[in-house]
Amino acid sequence: MNKNLSTGMIRKLTEENIALKIAKMSNLEDIIELYKERIQWFKDNEIDQWSRYLKNHPKSEFIEAIEKENYFMLIKDNQLIAAFELSERTSFWEDKTTKAYYVYKLVTKVGFKNLGEIIFDICKELAKQNDKNYLRLECLSTNEKLNQIYEDYHFKLIRQGIGYYPYNLRECEL
C-alpha cells in the first residue's frame with residue numbers, strides 16, 4: 001500500500017496540528033486504552049455499542065494490522081486522538097473481487113469531535129492512490145446515529161446481516 005499523502009492532505013493535517021502515523025507495536029497498549037475509554041463512554045451514555053468489542057477483536061487482530069502496517073493513528077499535541085485499520089482484509093463482505101479498502105476498528109478519543117471527516121478523507125486519498133474504487137465498512141445496524149454519520153459521509157447501505165452482531169455493510173464509491 002502506498003501511504004504517501006498529497007500536499008493538500010498534509011497541509012490540512014498541519015493546519016489542524018494533527019499527525020498521521022503508522023502504528024508500531026510500541027503503540028499497542030495506548031491503542032487498547034483508547035478503545036477502553038470509548039467503551040466506557042458508550043456505557044456511561046447508555047449507548048448500545050461495543051459492549052463486547054475487545055472480546056470480539058482480540059489483541060491478535062490489532063497486532064496483525066500493525067505488523068502489516070495497515071493500522072493508523074492520528075496524534076495531536078503528543079496525544080493519540082484516533083485510530084483505524086485500512087486494509088484489503090474482508091470480514092462480512094462476500095464480494096472479494098471488488099477493488100476496495102475496508103475501514104475497521106475506527107475509534108476516536110472522547111472529547112475530540114469531527115475527526116470522521118479527516119479520517120475518511122485520508123482513507124479515500126490512500127484508496128485512490130492505490131487504485132481502489134470503494135471504501136467499505138461494517139457497523140452495528142441498530143445504532144441509528146452512527147449509521148446516519150456514515151450516510152452523511154456518503155457510505156451507502158449495501159445490505160444488512162447478522163453475524164455475532166446485527167450489522168450493516170456500507171460502501172463509498174470513489
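The model is predicted, so to speak of local features pLDDT has to be at least 70, side-chain atom pairs count only at pLDDT 80 or more, and totals for chains, interfaces and linings use all residues. Residues are numbered from 1 along each chain as its sequence is written, and side-chain values use heavy atoms, with hydrogens and water left out. Helices (H or I, at least four residues) and strands (E, at least two) are DSSP runs, numbered from the N terminus.

**The largest pocket**

- The largest pocket comes out at about 1,400 Å³, and the lining residues closest to its centre are Phe42, Gln49, Trp50, Leu146 and Tyr150, out of 45 in the lining.
- A pocket here is an open set of points on a 1 Å grid over the protein atoms alone, where a 1.4 Å probe fits and protein lies on both sides within 12 Å along at least five of seven lines; lining residues have an atom within 4 Å of a point.
- Grid points are joined across faces, edges and corners, and the volume is the space filled by probe spheres set on the points.
- Helices H2 (28-44), H3 (53-56), H5 (115-129) and H6 (144-152) each supply at least two lining residues, and so do strands S4 (100-108) and S5 (134-140).
- S4 gives the largest share of the lining, with six residues.
- By type, the lining splits into 23 nonpolar, 11 polar and 11 charged residues. Ala, Val, Leu, Ile, Met, Phe, Trp, Tyr, Cys and Pro count as nonpolar, Asp, Glu, Lys and Arg as charged, and the others, Gly among them, as polar.

**The nonpolar cores**

- The largest nonpolar core has 28 residues, and Leu74, Phe84, Leu86, Val103, Ile119, Ile122 and Leu135 touch the most other members.
- A core is a set of buried Ala, Val, Leu, Ile, Met, Phe, Trp, Tyr and Cys residues joined through side-chain atoms within 4.5 Å. Buried means under 20% relative accessible area, exposed over 50%, and partly exposed in between (1.4 Å probe, protein chains only).
- Helix H1 (7-15), strands S2 (71-76) and S3 (79-87), and also S4, H5, S5 and H6 give two or more residues to this core, with H5 giving the largest share, eight residues.
- Another core, of 19 residues, lies apart from that one, and its members include Ile32, Leu34, Tyr35 and Leu80.
- Leaving aside neighbours within four places in sequence, Ile119 is in contact (heavy atoms within 4.5 Å) with Leu74, Ala82, Phe84, Leu106 and Thr108.

**Strands S2, S3 and S4**

- S3 is mostly covered, with eight of its nine residues buried.
- S3 pairs in the antiparallel sense with S2 over six bridges and with S4 over five bridges; two strands pair if DSSP finds at least two bridges between them.
- Glu85 in S3 is the bridge partner of Tyr71, and Glu85 also stands opposite Tyr104 in S4.
- S2 and S3 form a hairpin with two residues between them, and Asp77 in the turn has a positive phi of about 50 degrees.

**Single residues to look at**

- Asn78, in the loop between S2 and S3, has a positive phi near 60 degrees without being a glycine, and Asn78 is exposed at 82% relative accessible area.
- Asn17, in the loop between H1 and strand S1 (18-22), has a positive phi of about 60 degrees, and is not a glycine either; Asn17 is partly exposed, at 43% relative accessibility.
- Gln40 sits in helix H2 and is partly exposed at 39% relative accessibility.
- The C-alpha atoms of Gln40 and Trp50 are separated by 9.4 Å, with the two residues 10 apart along the chain.
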